[in-house]
Amino acid sequence: HDTSTTRPQVGPWYGEADMHKGHRRAERVEFDALQAFWPALQVLAGELRPAAATFEAFHSLWRKFNALPERFDVDRGKLHDTLAYYPLRPELAESCYALYHATRDARYLQIGAEMVTSLNSAARTFFGFAAIKSVRSMALEDQMPSFFLAETLKYLYLLFDEASFANTH
């Protein structure tokens, strides 16, 4: 984490860096859905203010699309042409959980509830949930990745279950 604080950054957004030299790899800043774990890591490092700012930037994409697109061109303000799907990833819920437990700010409970509502309205099917093929059309894929149950729903459940073992020990 120590070297990551010198990574190319534009506001709360982080660009991709060359692993050998540390300089910015791409001409523009693009958000990748797997980056949504970053605020949770910032919380663990005690960087609550930067974690909240980064989370807010990432959550702004959820608000815009009712899901988190796999890739978003921050500089151009548009979805990636072929990576506009949402496979029900857990990283944003994980960061929401971490921020709530670090700050006890009820805003994160509201965001978690918003995520649950979005998932129920956009991805719920008769037999479970389905990955979203495109956040443009909200068309569904005929699959539900196992990490949705193992991680995404776990973080959302724990966010609201104050009495759970994970939250009391």
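Leu68 is placed in the loop between α2 and β4 (71–73). In this predicted model, Leu68 has a relative accessible area of 3% and is therefore buried, since the cut-off for that class is under 20%. Leaving aside residues up to four places away in sequence, Leu68 touches Phe31, Ala33, Ala36, Phe58, Leu61, Trp62, Tyr85, Tyr86 and Leu92. Leu68 and Ala53 are separated by 15 residues in sequence and, C-alpha to C-alpha, by 17 Å in space.

The loop between α2 and β4 also holds Asn66. Asn66 is not a glycine, although its phi is positive, at about 65°. Its relative accessibility of 35% makes Asn66 partly exposed. Met138, likewise not a glycine, has a positive phi of about 60°. Met138 is located in the loop between β7 and α5, and at a relative accessibility of 24% it counts as partly exposed.

Ser118, a residue of helix α4, is buried, with a relative accessible area of 4%. Its contacts, not counting residues up to four places away in sequence, are Trp62, Asn66 and Ala123. The accessibility values of these four residues are collected below.

| Residue | Relative accessible area | Class |
|---|---|---|
| Leu68 | 3% | buried |
| Ser118 | 4% | buried |
| Met138 | 24% | partly exposed |
| Asn66 | 35% | partly exposed |

Aromatic pairs form the next topic. A pair of aromatic rings is described by the distance of the centres and the angle of the planes. Eight aromatic pairs are found in a search of the whole structure. In one of them, the ring centres of Phe55 and Tyr108 lie 5.6 Å apart with the planes at 70°, so this pair is edge-to-face. Because Phe55 belongs to helix α2 (residues 48–65) and Tyr108 to helix α4 (residues 106–122), the pair ties together parts that are 53 residues apart in sequence. Phe55 and Tyr108 are both buried.

Trp62 and Tyr86 also form an edge-to-face pair, with 5.5 Å between the centres and 85° between the planes. This pair links distant parts of the chain, 24 residues apart: Trp62 is in helix α2, whereas Tyr86 is in the loop between β5 (78–79) and α3 (91–103). Both Trp62 and Tyr86 are buried. Trp62 and Tyr86 are also among the residues that Leu68 touches, and Trp62 is one of the contacts of Ser118.

Helix α5 (residues 146–160) comprises 15 residues and spans 21 Å from its first C-alpha to its last, close to the 21 Å expected at 1.5 Å a residue. Where does α5 bend? The bend, of about 35°, is at Lys154. Lys154 also lies over the face of Tyr155, at 4.7 Å from the ring centre. Tyr155 is one of the buried residues of α5, together with Phe148, Thr152, Leu156, Leu158 and Leu159. An α-helix has 3.6 residues a turn, so residues three or four places apart point the same way. The buried residues of α5 pack against α3, α4, β7 (128–129) and α6 (165–168).

The average pLDDT of the chain is 90, and 92% of the residues score at least 70. Confidence is highest in α4, at 98, and lowest in strand β1 (residues 9–10), at a mean of 70.

Terms used. Residues are numbered from 1 along each chain as its sequence is written. This is a predicted model: local features need pLDDT of at least 70, side-chain atom pairs count only at pLDDT 80 or more; totals for chains, interfaces and linings use all residues. Side-chain values use heavy atoms; hydrogens and water are left out. Rings of Phe, Tyr and Trp (its six-membered ring) pair if their centres lie within 6.5 Å; planes under 30 degrees apart count as stacked, over 60 as edge-to-face and the rest as tilted. Helices (H or I, at least four residues) and strands (E, at least two) are DSSP runs, numbered from the N terminus. Buried means under 20% relative accessible area, exposed over 50%, partly exposed in between (1.4 Å probe, protein chains only). A charge sits over a ring if NZ of Lys or CZ of Arg is within 6 Å of the ring centre and within 35 degrees of the ring normal. Contact means heavy atoms within 4.5 Å. pLDDT is the predictor's confidence in each residue, from 0 to 100. The expected span of a helix is 1.5 Å times one less than its number of residues. The bend at a residue is the angle between axes fitted to the seven residues ending there and the seven starting there.
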